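Welcome! Let's look at this one together, one feature at a time.

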Amino acid sequence: MKPINIGLLGLGTVGGGTVSVLKRNAGEITRRAGREIQIRAASARDLERARICDTEGIQLTTRSFDIVNDPDIDIIVELIGGISPAKELVLAALDNGKHVVTANKALIALHGNEIFAKAREKGLMVAFEAAVAGGIPIIKAIREGLAGNTVEWLAGIINGTCNFILTEMREKGRDFADVLSEAQALGYAEADPTFDVEGIDAAHKLTILASIAFGIPLQFDKVYVEGITGITAMDVAYAEALGYRIKLLGIARRAPEGIELRVHPTLIPERRLIANVNGVMNAVLVKGDAVGPTLYYGAGAGAEPTASSVVADIIDVVRTLTSDPENRVPHLAFQPGAIAEMAILPITEVETAYYLRLSAADQPGVLADVTRILANRGISIEAILQKEPPPGESQLPVILLTHKVRERELNAAIALIEALPTIGGPVKRIRMETLG
Ligand code: HSE
């Protein structure tokens, strides 16, 4: 059978990894795909840097649109990242009748609805396994492996940079800023690292996971996003003293009133497997009604782990090239006509437990005032930890763990607590999940 010609857009970390994996495993890949897959052309901004990987036999250019317009190319692999020109290139590829494989989470989260509509119109595939959790085949697992389930919830450590920072802070007591520069040097962080530490990258990935889990449109703008920049070494240590670890989680849950979509630092019990996912590793916990909880773990970034997903997508596309477009696995797991709008809950309507840290005057009755405010709102307390005041200070840190409460109620209680003359400064709040 005629070989399939790939046009690779972007020869950075993931592009280079994709070239290496496709070349090294060419024999195995052909046995799996049923025909040879060859990289015909590749584009890069800087051709000298691109030659660091083995580009022998590949036509190199700086002009990505030439590849997208080349009639000999069957599949475009977009590994440029960002929105522009990636979006224009992907849409042009589809207009030219080419299938697309992309690792671009921001593009799918923000413009996936439009891209999939065009792909459907043209009978083409757009595969995006590498967009979420790098090398973990989480898209395939949810879309196909769990297709018999009603997904109840999922929770993922889906940003390796944040997980690396939080792990280093816990294990070595290091400062946030110092660890961030190391993550950047290791090549895991986004071009703009605020995307990592402010939770935006995780929110892109959560948007995609929620869509294929629940059959809802991609709606990045509805995700509640809070990053890890406010997490202090003190909170990490207090959480640990109470038997919890702090992780940046992306959570999507089917609640009775609607869907919860949220990314925020979260205390989780240290006995959970997912609490022990450390460093840059990623993990996604998915709870299906039939299967129960399932956990997927692996490298969430890096050249070859991400290339592993890119190449799997290429093979998937090649295998189904001759199948009727109507009978392929739908882009977003559910049949396009069955994608349903469901209410996405604002964070104030979400119910969860909380870690609260207050700075209290060291005098009788202060804690009684705080617990009364909570009790009056029906908020029950699971644990209290009171520390010695730091040297030279009269205020002492008090940590409270609450049971589940609607965030709106908690906000009202926090406002009253902050107004107490014996409480200094704002109350620090971190959400808490048992993931049971
Ligand atoms: N910046 C991302 C991370 C890379 O840290 O997980 C993979 O998407």
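Q: Which atom of glycine 160 lies 2.7 Å from an oxygen atom of the ligand?

A: A backbone N or O atom of glycine 160 is at that distance. A polar contact is a pair of N or O atoms within 3.5 Å; within protein, one must be able to donate a hydrogen and the other to accept it, and residues adjacent in sequence count only if both atoms are side-chain atoms. Threonine 161 has a polar side-chain atom 2.7 Å from a ligand oxygen, and for lysine 205 the corresponding distance is 2.8 Å.

Q: How much of the ligand does the protein bury?

A: Accessible areas come from the Shrake-Rupley method with a 1.4 Å probe, and for residues only the protein chains shown count as cover. On its own the ligand exposes 260 Å², of which the protein buries 91%.

Q: Before we go on, what kind of model is this?

A: This is a predicted model, where local features need pLDDT of at least 70, side-chain atom pairs count only at pLDDT 80 or more, and totals for chains, interfaces and linings use all residues. Residues are numbered from 1 along each chain as its sequence is written, and side-chain values use heavy atoms, leaving out hydrogens and water.

Q: Which residues are around the ligand?

A: A residue is near a molecule if one of its heavy atoms lies within 4 Å of it. Among those around the ligand are Lys105, Asn159, Tyr188, Glu190, Asp196 and Gly300. By class, the shell has three nonpolar, four polar and five charged residues; Ala, Val, Leu, Ile, Met, Phe, Trp, Tyr, Cys and Pro count as nonpolar, Asp, Glu, Lys and Arg as charged, and the others, Gly among them, as polar.

Q: What does the side chain of tyrosine 224 make polar contacts with?

A: One partner is the side chain of glutamate 226, at 2.5 Å. Another is the side chain of arginine 431, at 3.2 Å.

Q: How many disulfides are there?

A: A disulfide is a covalent bond between the sulfur atoms of two cysteines. The rule here asks for a pair of cysteine sulfur atoms within 2.5 Å, and the count comes to zero. As for individual cysteines, cysteine 53 counts as buried at 14% relative accessibility, and cysteine 162 is buried at 0%.

Definitions and conventions: Buried < 20%, exposed > 50% of the residue type's maximum accessible area, 1.4 Å probe, protein only.
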